[in-house]
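Please look over the sequence and the structure below before reading on.

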Amino acid sequence: MASRSRVILGVAMVGLLSVLAVMLAAGDREERTTAAGQSADAPASSRRPARGAAIDVHTHVISQALADGLTGGGVPGSTAEDLLERLDEANVDKAVVLSLGYFDLPDDSNMAPENDFTASIVAEAPDRLIGFCGINPGYDSAVSEIDRCLALPEMVGIKLNIVGGSGLDWENAEHAAAISAVLDSAGRHDAPVLMHVAAAPLDDDSLLSALAVIGSHPDVRLVIAHCGGDADYEIEQYLIPAAATPPLISLDNLYTDVSSCLSFYRDAPRSQRELIVWRLRKWGIERVFFGSDYLSIAPAETPREALDTLARYPFTDREIRTILSNDASAWLVGT
Ligand SMILES: [Zn+2]
């Protein structure tokens, strides 16, 4: 497994992205519009119906122990109160809360406690929060931890973070088999999965390995996080293999969320934002979920900022409504 320095590097990258997000937000404030394209100067009452979302499918919480371990101390862990406040200020009804139990440590001792912590946060507002177990397939205990964690009433799905602090490599056949075993387990549990496939765009061999694993689990309901990856073109790494003859994967049970990816390109030239919209349209707007990647200690964006970011993209009003009204039940429960 990877060293502690890789964990620190991962946290540093998250921090860097959040600094970037703050800088971009400050520079672009005057251009902000609401989700329906109304001016930000419109009276609050007329803006309110346009704001908000049925669900934010990508939020995180962190325990004090993990926060101490990753930062060296002095940074408070997450609270349910803070997360609910962020949802309330954005008029977002629900959130999927993703455990960080997958972070690479010398051993798997963080995985179960971090999942228990996430469950305890969800237990404070079970009508609004939906827990996902953070699983590192690289640990021998991964599948047994899925069984244990999904037995907790608050936990319904599985979050995987394959590269970037998890010590996993798609080109390592043992790692690919371990990831595949975790998806087998998700299938047995009929549990939805959210996977951050890579921390940086995959090279050909890694991508083919990822497509083989995903393609061999067509029945697992899977969110490929961050528009397929943080780089704008990464969703095409799924779209093109799905359109190949014969297709390498089926898109039927694949979904994506717009966290982090849209924020990175929020100040891009309009032509590039149009291209991103075109890709998501080709993917299928009904399979695009709203997400912020909120984490109190290193927020990529708050849910409210993520709503503002979404409004900067040239979607049609109808497409925006489709994304924001989608409760993700097709992914969460398969209906
Ligand atoms: Zn995330």
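## A loop residue with positive phi

In this predicted model, Asp 190 lies in the loop that runs between helix 7 and strand 5. The phi angle of Asp 190 is near 55 degrees, which is a positive value in a residue other than glycine. Asp 190 counts as partly exposed because 13 C-beta neighbours lie inside 10 Å, and a residue would need 20 or more to be called buried.

## Overall make-up

The protein contains 14 helices and 8 strands, and buried residues account for 48% of its 335 residues. Of the contacts between residues at least 6 apart in sequence, 79% join residues that are at least 24 apart.

The 8 strands form an open sheet with parallel pairing, in the order 1-2-3-4-5-6-7-8. Strand 1 (53–60) and strand 8 (288–289) stand at the edges with a single partner strand each, so one side of each has no neighbour in the sheet.

Within the sheet, strand 5 (residues 193–196) pairs with strand 6 (residues 222–224) in the parallel sense, over 3 bridges. In this pairing, Leu 194 stands opposite Val 223 of strand 6.

## Two helices in contact

Helix 6 (residues 142–150) and helix 7 (residues 173–189) have axes that come within 9 Å and cross at roughly 25 degrees; the two helices are therefore roughly parallel to each other, and their crossing is right-handed. On the side of helix 6, the contact is made by Ala 142, Val 143, Ile 146 and Leu 150, while helix 7 contributes Ala 178, Ala 181, Val 182, Ser 185 and His 189. By residue class, this contact of helix 6 with helix 7 divides into 7 nonpolar and 2 polar residues, with no charged ones.

## A mostly covered helix

Helix 12 (residues 303–311) is mostly covered, with 8 of its 9 residues buried. Its buried residues are Pro 303, Glu 305, Ala 306, Leu 307, Asp 308, Thr 309, Leu 310 and Ala 311.

## Further backbone details

Asp 293, in the loop between strand 8 and helix 12, has a positive phi of about 65 degrees although it is not a glycine. Asp 293 is buried, because 29 other C-beta atoms lie within 10 Å.

The peptide bond that leads from Thr 245 to Pro 246 is cis, with omega near -10 degrees. Pro 246 is found in the loop between helix 9 (236–243) and strand 7 (254–257).

Key:
Residues numbered from 1 in each chain as written. Predicted model: local features only at pLDDT ≥ 70, side-chain atom pairs only at ≥ 80, totals over all residues. Helix = DSSP H or I, 4+ residues; strand = E, 2+ residues; numbered from the N terminus. Buried ≥ 20, exposed ≤ 12 C-beta atoms within 10 Å, placed from the backbone. Contact = placed C-beta atoms within 7 Å. Pairing = 2+ DSSP bridges. Axes fitted to C-alpha atoms, helices over the stretch in contact; angles between N-to-C directions. Parallel < 35°, antiparallel > 145°, perpendicular 65-115°, else oblique. Left-handed = near helix turned anticlockwise from the far one by under 90°. Nonpolar A, V, L, I, M, F, W, Y, C, P; charged D, E, K, R; others polar.
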